[in-house]
Amino acid sequence: QVHVEESGGGLVQPGGSLRLSCVASGFTSDSFVIGWFRQAPEQGREGIACISNTDDSSYYVDSLKGRFTVSRGDTKNTAYLEMNSLKLEDTAVYYCAASDLVEVKPMCIMPTWFHDWGQGTLVTVSS
């Protein structure tokens with residue numbers, strides 16, 4: 001059974017940085033894609049970026065490219081989301097999701113393509 005868990009949220013001041021972690025386990029396939037998403041209060045779930053667990057291929061939503069960076073960990077089932085120059089509007093619950101049916105292309109930042117999700121971690125940007 002696939003299990004996905006993210007961590008690392010918290011309170012950060014505007015202009016600050018934060019790194020989120022995601023661990024995905026239980027896949028029968030050796031390769032899968034981890035996607036990062038966020039949901040602000042009273043808004044829909046927004047795709048941020050995704051990364052393959054086997055190489056450095058990644059895809060970003062244009063609006064966050066340059067401030068947010070996704071990377072793989074030393075183990076094949078770990079990924080990170082580095083967030084820099086954080087703004088008040090970045091406040092949201094951040095989720096990671098994983099799928100072995102998704103490819104690293106625009107589909108990987110569309111929530112409907114993922115079935116296995118973490119519980120979410122809250123990021124609050126406030127002074």
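Trainee: What makes strand β2 (residues 10-12) and β11 a pair?

Mentor: In this predicted model, strand β2 and β11 are joined over 3 bridges in the parallel sense. Within β11, V123 is the bridge partner of G10.

Trainee: How do you know that strand β9 (residues 92-99) pairs with β11, and in which sense do they run?

Mentor: The count of bridges joining β9 to β11 is 3, and the two strands run antiparallel. Since at least two bridges are required, β9 and β11 therefore pair. A92 stands opposite V123 in β11.

Trainee: Which residues of β11 lie on its covered face, and which on its uncovered one?

Mentor: In strand β11 (residues 121-125), T121, V123 and V125 make up the covered face. L122 and T124 form the uncovered face.

Trainee: What makes strand β3 (residues 18-25) and strand β8 (residues 78-83) a pair?

Mentor: They are linked in the antiparallel sense over 6 bridges. The threshold is at least two bridges, so β3 and β8 qualify as paired. C22 has A79 of β8 as its bridge partner.

Trainee: In what order do the strands of the open sheet stand?

Mentor: The order is β1-β3-β8-β7, giving 4 strands with antiparallel pairing.

Trainee: Why are β1 (3-7) and β7 (68-72) said to stand at the edges?

Mentor: Each has a single partner strand, so one side of β1 and one side of β7 are left without a neighbour in the sheet. From one strand to the next, the twist averages 15°.

Conventions. Residues numbered from 1 in each chain as written. Predicted model: local features only at pLDDT ≥ 70, side-chain atom pairs only at ≥ 80, totals over all residues. Heavy atoms only, no water. Axes fitted to C-alpha atoms, helices over the stretch in contact; angles between N-to-C directions. Buried < 20%, exposed > 50% of the residue type's maximum accessible area, 1.4 Å probe, protein only.
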